[in-house]
Amino acid sequence: MHKVFRFADQDIEVEVGRYARQADGAVWIKAGDNVVLCSAVATKEVKAIQGFFPLTVEYRERTSAAGRIPGGYFKREGKLSDFEVLTSRVIDRPLRPLFPSTYFNEVQVLATVYSADGKFPTSVLALIGASLALTISPLPFMGPIGAVQAALVDGVWKFNPTFEEVAASDSDIMIAGTKNGICMVEGHCNNISEQTLIELLFSAHEEVKKQVEWQESIARELGVVKHTPATTIDWTDWKTRVKSVLPGDFAEKIFAASKSERGDGFDAIKKDILGKFEQEVAKAEITNPILGFIFDSIIKETLPDVLAAKKIRVDGRAFNQVRPITIDIAPLPCSHGSAVFQRGETQVLTSVTLGTGQDAQKIDSLIAGQQEREFMLHYNFLPFSTGEVKPLRGAGRREIGHGYLAESSFINILPKSDAFPYVIRSLCDVLESNGSSSMASVCATTLALMDAGVPITEMVGGIAMGLVRDSQSNLHILTDILGMEDAFGLMDFKVIGSERGIVAFQLDIKDKVGLSRELFVEALEQARIARLHILGEMKKALSAPRTELSSRAPRVNSFKIPSDKIGLIIGPGGKNIKEIIAKTGTQIDIEDDGTVKIYSKTGDAASEAENWIRTLCGDIEIGTVFNGTVKRIADFGLIVELVMGKEGMVHISTIARNKQNDLNRLVKMNDRIIVKVVAQDRETGRLKLVAPELEKP
């Protein structure tokens, strides 16, 4: 059954029943000339219950969508780009909590961009399309969800802006939610207040609710019938049986000061449970992973009541208390800047490296084409940080996502490239982890940047907020959450900011019930107080960027030349620029607008290269002295090469009379000779020189 539905409010159109008809759910979603195909498929049976929901979400962009062929040697799309990974995560996070907790069929959601003109965010289309594909499918999806992208355009928040508007804005935020409330937020901004963020979120939610109602109307018109997941397990009965063998004070065993003690207590209880059901496991009535999953769900239900009764958390802290902070500045002597930031049992080592323009990462953007990334924050979650043994592979989705969130925190506080012409890389290695490692990476990067002498405009720090709901439906906000509180809680709300306001954030709600405006206000205020405390601790270690760069960092001279002189500097086949680099030991970048950046280890080398380039451009001050090379000896005087590609003449009249007749004996071809510029013809560029040694009688 082929049908077309229009959402006039946002100029979105979907076709159902024409494309990908063998998927459980598929929609062809359009906005203007932007087209995304979204599909959802689930396996018919559960292969094995591992204790987590096996949902896979992939967002892919076809370069043909923008009329381009992939760059590089392989002319076909390969692994997901970082942007595709980040968008896949943005789609995954709000969808995942909206499936039954005991549904373990493998589900695959694919969103493929087939046409894009940059006038509507395809990530928003993909998220809405993925939600609708699941909504019209028989899968037990408890959505739908809606989404908007927000950017600050000319001082006004605009929803679903164009690519150009986002590129020109200092704020870019993705917001997703159900009809009950906001469930996912991610983005960066420029020191906005908590109140401004609240107003933006709930204004966006009004648009989200319209999208949700539209999707629900489509499902009603199509007569969608949801399937009840088939299961051979009586979850209610097994939950009762597991509860019956648990000691009354089992939750007390996970209250301890250290992660290892809590882990030991948790493992001991779980091991005891598994031991009591050995016969049932042997008879294949149940499996250990399922028993473990049931135990985890009981902990998730019980722990909030215990926390509420005790008025403390599992590590003994108050609900609004930040863990102890320790900081080590410059632990790596050979790095340009470094720092270790530790909060409780989470520890991050960050090193900052300053590079040249040639170190910038080249990125292919679907709409903008090739771009350069001049600030990179790479987050690595090492297996020993949690006491585990795992193979070391390339960066996973989690590492890319955490790294991007931390990186986006610095978009508006880093110096502009014309004032600080370096490419910057921050390498964040998580050495110890017990929650909020991405926020520790933000703090460590701030300190390492200042240690490197990068003139950031202000310090930023991050905090992760959590939430639990007790059996009386009372909600308790937790500051600086542990890994366990993240796993068993209802919210992971990362907030990054300066003393003035918020610069980045990421919110995931793992609850199917929306959170109230009042709760958001309270959570943001609690986060603000914690952030100011963290920034205060950071200032005790290092309060401002160092006034001088590391002696190991390259030095840079930046200046401008006329753009029509660029070809002269480069020379035929790059001959001139190669010669300058080889002779001076520098690295030189020349931009299309004539900006020249010279990187070197010593100031003398940079000055020599700059003087060489200025000389080639004809930008020579009268009185400048050169150690030139004699290229020709004639009756009228000497032709001297000041630098490769630029010559001047020492006229015979400036040479002492007693040396004029003997010039061929005094000076040989290719001899080095000190000369001084005494005049320049501005029209022809010819230089008049004198040779002090030849002026003397």
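**Figure 1. Helix H9 crosses helix H10 in a right-handed sense.** In this predicted model, local features need pLDDT of at least 70 and side-chain atom pairs count only at pLDDT 80 or more, while totals for chains, interfaces and linings use all residues. Residues are numbered from 1 along each chain as its sequence is written, and side-chain values use heavy atoms, with hydrogens and water left out. A crossing is right-handed if the near helix is turned clockwise from the far one by less than a right angle, and left-handed if anticlockwise. Helices (H or I, at least four residues) and strands (E, at least two) are DSSP runs, numbered from the N terminus. Two packed helices are described by the angle between their axes and the distance between the axes. H9 and H10 (residues 437-451) pack at about 40°, their axes 9 Å apart. H9 is therefore oblique to H10. Axes are lines fitted to C-alpha atoms, for helices over the stretch in contact, and angles run from 0 to 180 degrees between N-to-C directions. Angles under 35 degrees count as roughly parallel, over 145 as roughly antiparallel, 65 to 115 as roughly perpendicular, and the rest as oblique. From H9, the contact (heavy atoms within 4.5 Å) uses Arg-398, His-402, Leu-405 and Ala-406. H10 contributes Ser-437, Ser-438, Met-439 and Val-442. By class, the H9 contact with H10 has four nonpolar, three polar and one charged residues. Here Ala, Val, Leu, Ile, Met, Phe, Trp, Tyr, Cys and Pro count as nonpolar, Asp, Glu, Lys and Arg as charged, and the others, Gly among them, as polar.

**Figure 2. Gly-401 sits in helix H9.** The helix covers residues 397-408. Gly-401 counts as buried, at 2% relative accessibility. Buried means under 20% relative accessible area, exposed over 50%, and partly exposed in between (1.4 Å probe, protein chains only). Leaving aside neighbours within four places in sequence, Gly-401 is in contact with Leu-86 and Arg-89. Asp-11 is 390 residues away from Gly-401 along the chain, and their C-alpha atoms are separated by 30 Å.

**Figure 3. Helices H2 and H4 run roughly parallel to each other.** H2 spans residues 122-135 and H4 spans residues 194-222. Their axes come within 10 Å and cross at roughly 30°. The H2 and H4 crossing is right-handed. On the H2 side, Ile-128, Ser-131, Leu-132 and Thr-135 make the contact.

**Figure 4. A cis peptide bond links Gly-143 to Pro-144.** Omega is near 5° for this bond. Pro-144 lies in the loop between H2 and strand E7 (146-153).

**Figure 5. Asn-191 and Ala-284 have positive phi values.** Neither residue is a glycine. Phi of Asn-191 is near 55°. Asn-191 belongs to strand E10 (residues 182-192). It counts as buried, at 11% relative accessibility. For Ala-284, phi is about 65°. Ala-284 is in the loop between helix H7 (278-282) and helix H8 (288-310). Ala-284 is exposed, with a relative accessible area of 65%.

**Figure 6. Ser-258 makes side-chain polar contacts with Ser-260 and Glu-261.** A polar contact is a pair of N or O atoms within 3.5 Å; within protein, one must be able to donate a hydrogen and the other to accept it, and residues adjacent in sequence count only if both atoms are side-chain atoms. The contact with the side chain of Ser-260 is 3.2 Å. The one with the side chain of Glu-261 is 2.9 Å. Ser-258 lies in the loop between helix H5 (235-245) and helix H6 (259-276). At 16% relative accessibility, Ser-258 counts as buried.

**Figure 7. Leu-642 is buried in strand E26.** The strand covers residues 637-643. Relative accessibility of Leu-642 is 6%. Leaving aside neighbours within four places in sequence, Leu-642 is in contact with Thr-615, Phe-626, Asn-627, Gly-628, Glu-647, Val-675, Leu-687 and Leu-689. Val-630 is 12 residues from Leu-642 in sequence and 9.0 Å away in space, C-alpha to C-alpha.
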